[in-house]
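Below is a walk through one model, covering a pair of helices, a pocket and an aromatic pair.

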Amino acid sequence: MAAISGSITEIINTHLARNEFNSQDAIVLITKQLIERNREERASVAIDFERADYVRASKEIARMTKFKDKVADNVAAANKARSALEWAESYLTSAKTELTRLLGSTSGTDRAATASVFDGFIQSINSKVSGANVTVDGYRNVNLVGNTQGPDWKTDTIFTPTSDKGAGFAVIEGTFLGIDFQVTDAGGLNWRLDAGANTFYQYKNDGSGERTGLSVPAEGLTIDSYDAATGAITYGGSGSLSGSLTRAGLGLLQSQYYDNFADDTSVQTAINDVDAALITLSRKGASIIADAALLEGRIDLVNSKIENFEDEKDRIRAEELDASKALSKAADVKLRLALDNINLLSSLNNGLVENMVALSAGPSPAQGLFGMMGY
């Protein structure tokens, strides 16, 4: 009987152990399923980039950026020209100041020094306008105020949109605002001084702008006579050249054409020419400066719009992140509560197993006589 009782107890214990194992296995399974559900309930995407307002802001930024890229070179060319004109005005103003100081001077040294400074201002003006080049569209060299072409001192022209919506369009016409001249000889052919080579070259009069092959070195060449009113000029010294002098651009000439400022009359003539140059610069440069300011203003406006749309995208991203965090936090809290309940259930389950094991073993023998009697 004792053997049978022991056998039954072992069987019960085995079943209880198996039930306990199965119960724990079920808890593990439930926990895994809860974690999987938590993953599903958490925000799967931190930011919804397909939101209509986010997409609209991105498209607007792309459109306005495309406009900026399209006009960037034109803006650079206009600004480069404007900068050159501002420098030219500064140099002309300084030249007038130097000439005005020279009036009444009896010092030959001062007059020679002023002539050298004056020529330096002219060289600086030409350097600025000739250097106002910008590469447009990746290959085209554009200069609105210098680096001229052909017999008419032709500069470049810019065609540019002025609105990011495609409604505005502007034509910025270039004009030569440096300092140059040519001498037209009796045969109607033009001679121009190449400052770099310090040589007069003769050009064809067929509009091609090509040289004829004839030239006269400027080194040692002197001005024998020059009438500013008619333009008639004769060169002598180391060479010979005569004809009618025509000014271009701002209408100034080097100091030698003002008799190197030998007297106040020549100084005043130069001052008058500087005043005229300032007027020409203001009149012809006004449209370029205005167009440059217009384009720059448009770019500033577009930049402001882009910044506003970027702020809108930042707001949307922050909103999306906040919503995503809230959703994920709620899912995590839900999971935490479920796991706490499982932990509690697991603890209670262990107590239940212990009670069932104790029950399967039967009650303990009674104390004293009843125990001896088998109760």
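At what angle do the axes of helix 2 and helix 3 cross? The model is predicted, so local features need pLDDT of at least 70 and side-chain atom pairs pLDDT 80 or more, while totals for chains, interfaces and linings use all residues. Residues are numbered from 1 along each chain, and side-chain values use heavy atoms, without hydrogens and water.

The axes of helix 2 (residues 52-102) and helix 3 (residues 108-130) cross at roughly 170° and come within 9 Å. Helices are DSSP runs of H or I of at least four residues, strands runs of E of at least two; axes are lines fitted to C-alpha atoms over the stretch in contact, with angles from 0 to 180 degrees between N-to-C directions. The two helices are therefore roughly antiparallel (over 145 degrees).

Strand 5 (179-184), strand 6 (190-194), strand 7 (199-203) and strand 9 (221-226) each supply at least two. Of the 39 lining residues, Ile 179, Asp 180, Leu 193, Asp 194 and Ala 195 are the closest to the centre. A pocket is an open set of points on a 1 Å grid where a 1.4 Å probe fits, with protein on both sides within 12 Å along at least five of seven lines; lining residues have an atom within 4 Å of a point.

Phe 118 and Phe 261 have ring centres 5.3 Å apart and planes at 90°, so the pair is edge-to-face (centres within 6.5 Å, planes over 60 degrees apart). Phe 118 lies in helix 3 and Phe 261 in the loop between strand 11 (241-249) and helix 4 (264-360), so the pair ties together parts 143 residues apart in sequence.

Notes:
Parallel < 35°, antiparallel > 145°, perpendicular 65-115°, else oblique. Phe/Tyr/Trp six-rings, centres within 6.5 Å; stacked < 30°, edge-to-face > 60°.
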